[in-house]
Amino acid sequence: MNISDIDSIHLDVLKEVCNIGAGNAATSLSQILSRKVEMNVPNAKVVGFNDLMSSFVNEEMVVLGVMLLLEGDIDGSMIFIMPKSSAGVMLSPLLGKEYSEDTVFDEMDFSASKEIGNIIVSAYINSLATMTGFKIRVSEPFATVDMAASILSVPVIELGRQTDNVLFMESYIACDGIELGGHFIMLPSLESYEKIMKALGM
């Protein structure tokens, strides 16, 4: 199976897996932040690299990007991207400080961002592992603040050697009723895509 062969039925199955993970991530984040957190994945689609950037409102928007590498029965990477301003809303109760558009993230901010990203992505991966029976390990998270285009350039170049398409998921995240937005980009290898679909009975 090629990524471009994924149809609406496959996407619905993947969305269901991700929504289970989102529910688990929301529970964990609520406990850590002492805030009500809601999460789900309202939309998933396959997009070409050329269309990936246009999926963002503004390619030059400054965002927080957290990436984890996947190893084990499947390999690849998963990237979580959230506007920098939204990241500040989540970090504020955790670190007890106020954030603005001009806030420069320091080592503590990045450390907390990695932890939040790790919780969210790991919840998705654990959900996938439970549904497929795969053993999947995730690397230490990498976190950076930059324009969306810059953050996506590295995985796009790497995966561009294998495929022209990626799995792009919109994410609804709200903290105490404040909608934060966010996106997930799932980049398994082509072999891993096929294994995932077979394991899910597709």
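**Ser139 and its setting**

Author: Ser139 counts as buried because its relative accessibility is 19%, and buried means under 20% relative accessible area, exposed over 50%, and partly exposed in between, taken with a 1.4 Å probe and protein chains only. The model is a predicted one, in which local features need pLDDT of at least 70 and side-chain atom pairs count only at pLDDT 80 or more, while totals for chains, interfaces and linings use all residues. Residues are numbered from 1 along each chain as its sequence is written, and side-chain values use heavy atoms, with hydrogens and water left out.

Ser139 sits in the loop between strand S4 (136-138) and strand S5 (142-147). Helices (H or I, at least four residues) and strands (E, at least two) are DSSP runs numbered from the N terminus. Apart from neighbours within four places in sequence, Ser139 is in contact (heavy atoms within 4.5 Å) with Leu68 and Leu69. With Leu69 there is also a polar pairing: a polar atom of the Ser139 side chain lies 2.9 Å from the backbone nitrogen of Leu69. A polar contact is a pair of N or O atoms within 3.5 Å; within protein, one must be able to donate a hydrogen and the other to accept it, and residues adjacent in sequence count only if both atoms are side-chain atoms.

Now the wider chain. The chain holds six helices and eight strands, in the order α-β-α-β-β-α-α-β-β-α-β-β-β-α from the N terminus. Of its 202 residues, 49% are buried. Among contacts with a separation of 6 or more, 71% are between residues 24 or more positions apart.

The axes of helix H1 (residues 8-33) and helix H4 (residues 107-132) come within 8 Å and cross at roughly 140°; axes are lines fitted to C-alpha atoms, for helices over the stretch in contact, and angles run from 0 to 180 degrees between N-to-C directions. On the H1 side the meeting residues include Val17, Ala25 and Leu29, and on the H4 side they include Ile116, Ala123 and Leu128. By class, this contact has 14 nonpolar, four polar and no charged residues. Here Ala, Val, Leu, Ile, Met, Phe, Trp, Tyr, Cys and Pro count as nonpolar, Asp, Glu, Lys and Arg as charged, and the others, Gly among them, as polar.

Most residues other than glycine have a negative phi. Ser34, in the loop between H1 and strand S1 (37-48), is not a glycine, yet has a positive phi of about 55°. Ser34 is exposed, as its relative accessible area is 58%. Asp176, in the loop between strand S6 (165-175) and S7, is not a glycine either and has a positive phi of about 50°. At 45% relative accessibility, Asp176 is partly exposed.

Ile178 lies in strand S7 (residues 178-179) and is partly exposed at 46%. Between Ile178 and Val37 there are 141 residues of sequence separation and 9.2 Å from C-alpha to C-alpha. Val89, in helix H3 (residues 84-95), is partly exposed at 29%. Val89 and Ala174 are 85 residues apart in sequence and 9.9 Å apart, C-alpha to C-alpha.
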